[in-house]
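Here is a briefing on one structure. It covers helices, backbone angles and charged pairs.

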Amino acid sequence: MAQRDEELFQNFIDGDESALRELMERYGDSLTLYLNSYLHDIHTAEDLMIEAFARMVSARPKLSENSFRAYLYKTGRNLASRYHAGLLRRHAFSLEELEREPESRELLENIVSAQEKHRILHLCMGRLDAEVREALWLVFFENMSYEECARVLNRKAKQVDYLLQKGKRLLREELEKEGVTDAGY
């Protein structure tokens with residue numbers, strides 16, 4: 001049975017370096033993707049993910065049950081907000097995407113279709129109010145509970161529920177404007 005996050009963090013504080021590695025393996029990629037959704041710069045998101053872990057290591061907060069992930073994401077969110085406030089938005093161009101060669105016409109069509117759906121979803125999410133977008137991301141992409149999301153956003157669970165209901169309705173409307181009628185919300 002896997003150890004709870006809070007136990008692992010306490011083990012790290014008590015000197016077990018492997019516990020921090022385990023937590024970084026559990027949450028490093030998902031935190032990076034979350035931060036990237038906010039910053040639109042994967043390299044900066046990776047840097048801020050590492051800094052979020054470093055700040056937790058430095059602060060060594062006393063964590064209650066089921067609070068590690070929310071504390072980590074809130075730390076990352078605060079770092080991203082500070083970073084974003086100091087810079088104009090930049091969009092990176094990736095040469096890696098040009099290097100991929102599909103194996104067949106069918107694969108190419110699948111890749112293009114998936115990329116188009118991904119692009120439309122992110123376009124529509126980008127049209128939403130930042131707090132609504134963030135609540136949707138945390139609950140549906142990061143699989144956070146309403147309580148965890150509420151801690152990250154400094155809101156009550158009931159407010160998160162309202163944000164999600166509003167967000168699903170607005171996202172459905174935006175997707176319909178783009179011709180997506182089978183979004184499944």
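Where is His 40 found? His 40 sits in the loop between helix 2 (17-39) and helix 3. The model is predicted: local features need pLDDT of at least 70, side-chain atom pairs count only at pLDDT 80 or more, and totals for chains, interfaces and linings use all residues. Residues are numbered from 1 along each chain as its sequence is written, and side-chain values use heavy atoms, with hydrogens and water left out.

**Helix 2**

- Helices are DSSP runs (H or I, at least four residues), numbered from the N terminus.
- Helix 2 bends by about 45° at Tyr 27. The bend at a residue is the angle between axes fitted to the seven residues ending there and the seven starting there.
- Tyr 27 is also one of the buried residues of helix 2. Others that are buried include Leu 20, Leu 23, Gly 28, Leu 31, Tyr 34 and Leu 39.
- Buried means under 20% relative accessible area, exposed over 50%, and partly exposed in between (1.4 Å probe, protein chains only).

**Helix 3**

- Helix 3 covers residues 42-59, 18 residues in total. From first C-alpha to last, helix 3 reaches 25 Å, close to the 26 Å expected at 1.5 Å a residue. The expected span is 1.5 Å times one less than the number of residues.
- Asp 41 caps the N-terminal end of helix 3. A side-chain oxygen of Asp 41 lies 3.2 Å from the backbone nitrogen of His 43.
- The buried residues of helix 3 are Thr 44, Ala 45, Leu 48, Met 49, Ala 52, Phe 53 and Met 56.

**Positive phi**

- Most residues other than glycine have a negative phi.
- His 40 has a positive phi, near 60°, and comes just after helix 2. His 40 is partly exposed, at 30% relative accessible area.
- Arg 60 follows helix 3, with a positive phi near 45°.
- Asn 154 has a positive phi near 60°. Asn 154 lies in the loop between helix 8 (146-153) and helix 9 (157-177).

**Salt bridges**

- How many salt bridges does the structure hold? There are 11. A salt bridge is a side-chain nitrogen of Lys or Arg within 4 Å of a carboxyl oxygen of Asp or Glu.
- Side chains of opposite charge can pair when their charged atoms come close.
- Arg 4 and Glu 6 meet in a salt bridge at 3.6 Å, N to O. Arg 4 is partly exposed, at 34% relative accessible area. Glu 6 is buried, at 10%.
- Arg 4, Glu 6 and Glu 7 are linked in a network of salt bridges.
- Arg 26 forms a salt bridge with Asp 5, with the closest N and O atoms 2.5 Å apart. This pair links distant parts of the chain: Arg 26 is in helix 2 and Asp 5 in helix 1 (residues 5-13), 21 residues apart. Arg 26 is partly exposed, at 27% relative accessibility, whereas Asp 5 is buried, at 13%.
- Arg 127 forms a salt bridge with Glu 174, with the closest N and O atoms 2.9 Å apart. This pair also links distant parts of the chain, 47 residues apart. Arg 127 is in the loop between helix 6 (105-126) and helix 7 (130-141), and Glu 174 is in helix 9. Arg 127 is partly exposed, at 38% relative accessibility. Glu 174 is buried, at 13%.

Definitions and conventions
Helix = DSSP H or I, 4+ residues; strand = E, 2+ residues; numbered from the N terminus. Polar contact = N/O pair within 3.5 Å; in protein donor to acceptor, adjacent residues only side chain to side chain.
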